[in-house]
Amino acid sequence: MTIHEKAMAKEPTFRESVDLMFNRAVALMDLPPGLEEKIRVCNATYTVRFGVRLRGQITTFTGYRSVHSDHMEPVKGGIRFATGVNQDEVEALAALMTYKCALVEAPFGGSKGGLCLDPREYDEAEMELITRRFAYELAKRDMINPAQNVPAPDMGTGEREMAWIADQYARMNTTDINAKACVTGKPLNSGGISGRVEATGRGVQYALKEFFRHPEDVKKAGMSGTLEGKRIVVQGLGNVGYHAAKFLHEEDGAVIVGIIERDGGLWADEGLNIDAVHDWIMRHGGVAGFPEGTHIDQGALLFEDECDILIPAAIEGVINLTNADKIKAKLIIEAANGPVTYGADEILRKKGVVIIPDMYANAGGVTVSYFEWVKNLSHIRFGRMQRRQEEARHQLVVDELDRIVAAVPGNMSLSPGFKDKYLRGADELELVRSGLDDTMRIAYQSMREVWHERPEVEDLRVAAYLVAIDRVAASYRAKGL
Ligand code: NAD
């Protein structure tokens with residue numbers, strides 16, 4: 001057993017960790033007897049084992065779909081393809097989905113699914129067979145259904161898998177006019193929405209921007225100023241980590257000094273070129289051999305290096321009892337689900353490290369999934385009806401301004417670029433970004449209000465749980481439970 005494994009053996013499992021965090025929050029609430037337990041427990045977990053004929057023989061796969069809470073339907077949550085998938089993990093992730101949806105006011109219950117396999121071991125045709133069979137098993141029990149259970153991408157899955165799932169459901173439900181709404185995160189040409197691929201990473205960026213809009217909060221983390229020049233270490237340059245790192249560097253001037261991947265880590269004091277590293281990973285399967293920066297084999301050690309912000313964006317449990325007290329970052333934003341264990345959370349809190357919790361930090365994905373689901377049910381692209389009408393109304397204002405400017409003596413004119421910017425009506429991508437930005441700002445404000453106004457609330461995680469549990473409880477109460 002390695003030191004890491006020994007320490008982890010002493011730590012609660014992922015699901016226990018989520019429950020312990022939940023318990024910390026409910027201890028500060030006054031919920032009616034029984035309701036607390038009803039909210040905490042996972043309603044149901046379906047385990048399925050199915051065979052697929054591959055390479056001349058039958059291979060058996062194990063998959064899960066867990067429904068944590070159906071106080072609102074459909075329930076929502078990603079499908080993960082990874083070797084570590086197990087019931088405990090799926091249930092923990094489903095619980096987080098319940099709280100996440102409540103926190104960002106997405107009208108869903110919480111669910112999650114997973115298939116135990118390493119997608120890198122199969123070619124595209126094999127992955128399609130496996131994914132379609134898994135989708136078939138779930139859909140026939142209404143665990144994929146536009147009105148009841150709507151999956152999305154997670155680790156190891158993306159647009160490609162979501163398109164197969166949507167098509168599989170449509171084949172099994174040929175008269176369902178809302179079939180496309182059975183899953184989100186689809187490619188644009190299969191009923192997807194602009195901006196979904198980068199939504200979770202974009203949400204991480206919006207979350208950090210909102211945090212830095214509050215100097216009081218920035219001060220609590222022992223920092224000052226803006227994101228410009230802040231030194232960041234990212235773990236996992238996949239969908240979430242890549243987009244978050246890219247936007248934070250390109251648009252906010254943050255410096256990505258460290259990247260941790262499966263096969264090691266990269267460090268460059270002057271900052272790494274995110275697109276170049278991502279491209280390298282895509283071509284070589286890891287960061288080893290990347291020509292810039294310094295490579296180390298034990299990538300996770302970079303968590304302990306000098307930086308301002310850590311963005312764990314890979315798997316759960318990576319900041320744990322083995323490394324929590326060695327962390328020097330002042331702020332951790334949990335882009336992944338459950339990257340900080342319960343024990344590590346306690347140590348970091350005592351050290352004064354501020355943690356922006358997963359249930360908020362990575363909610364960009366489910367937020368844009370919500371927009372995609374609404375788009376599928378309304379059967380029309382966002383902005384299609386209003387865009388040109390908006391432009392026509394703006395044209396009226398610009399014409400009037402031109403007339404006034406021309407009538408005023410002297411050399412007055414409108415600023416360069418004003419007309420073009422003002423005239424253009426919002427397209428779907430702009431509307432999605434605006435909706436996501438609004439959601440991330442409002443959710444942060446609801447957490448920080450509790451954090452600042454209630455002295456017994458030490459951290460943003462408990463604040464997030466309080467806001468979320470309160471909303472779930474209200475929903476149960478309204479149903480008479
Ligand atoms: P992904 O498969 O696209 O990327 C994961 C990345 O992490 C890959 O680059 C992989 O090589 C790396 N990685 C895996 N194990 C690692 C390890 N032990 N050490 C270092 N790097 C490792 O997955 P993703 O969709 O980006 O998801 C990442 C996390 O974000 C997960 O916790 C997931 O639940 C969470 N999340 C994802 C979404 C989404 O929309 N995709 C939404 C919410 C939350």
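Is arginine 171 buried or exposed? Select it and check: with a relative accessible area of 56%, arginine 171 counts as exposed (buried means under 20% relative accessible area, exposed over 50%, partly exposed in between, using a 1.4 Å probe and protein chains only).

A quick word before moving on. This is a predicted model, where local features need pLDDT of at least 70 and side-chain atom pairs count only at pLDDT 80 or more, while totals for chains, interfaces and linings use all residues. Residues are numbered from 1 along each chain as its sequence is written, and side-chain values use heavy atoms, with hydrogens and water left out.

**Stop 1: along a helix**

**Stop 2: across the chain**

Next, pick aspartate 154 and arginine 80, whose side chains form a salt bridge at 2.7 Å, N to O. This pair links distant parts of the chain, 74 residues apart: aspartate 154 is in the loop between strand 5 (149-153) and helix 6 (159-172), and arginine 80 is in strand 3 (residues 75-82). Aspartate 154 is buried at 17%, and arginine 80 is buried at 4%.

Then try aspartate 19 with arginine 40, where the closest N and O atoms are 3.6 Å apart in a salt bridge. Aspartate 19 belongs to helix 2 (residues 14-26) and arginine 40 to helix 3 (residues 35-40), so the pair ties together parts 21 residues apart in sequence. In the whole structure, a search finds 46 salt bridges.

**Stop 3: the core**

Select Tyr99, Ile311, Tyr465 and Ile469. Of the 94 residues in the largest nonpolar core, these touch the most other members (such a core is a set of buried Ala, Val, Leu, Ile, Met, Phe, Trp, Tyr and Cys residues joined through side-chain atoms within 4.5 Å). Helix 17 (residues 460-478) gives the largest share, 12 residues. Domain 1 (42-190) and domain 2 (222-352) both contribute residues, so this core lies between them (the bounds come from an automatic or database domain assignment).

Methods. Helices (H or I, at least four residues) and strands (E, at least two) are DSSP runs, numbered from the N terminus. A salt bridge is a side-chain nitrogen of Lys or Arg within 4 Å of a carboxyl oxygen of Asp or Glu.
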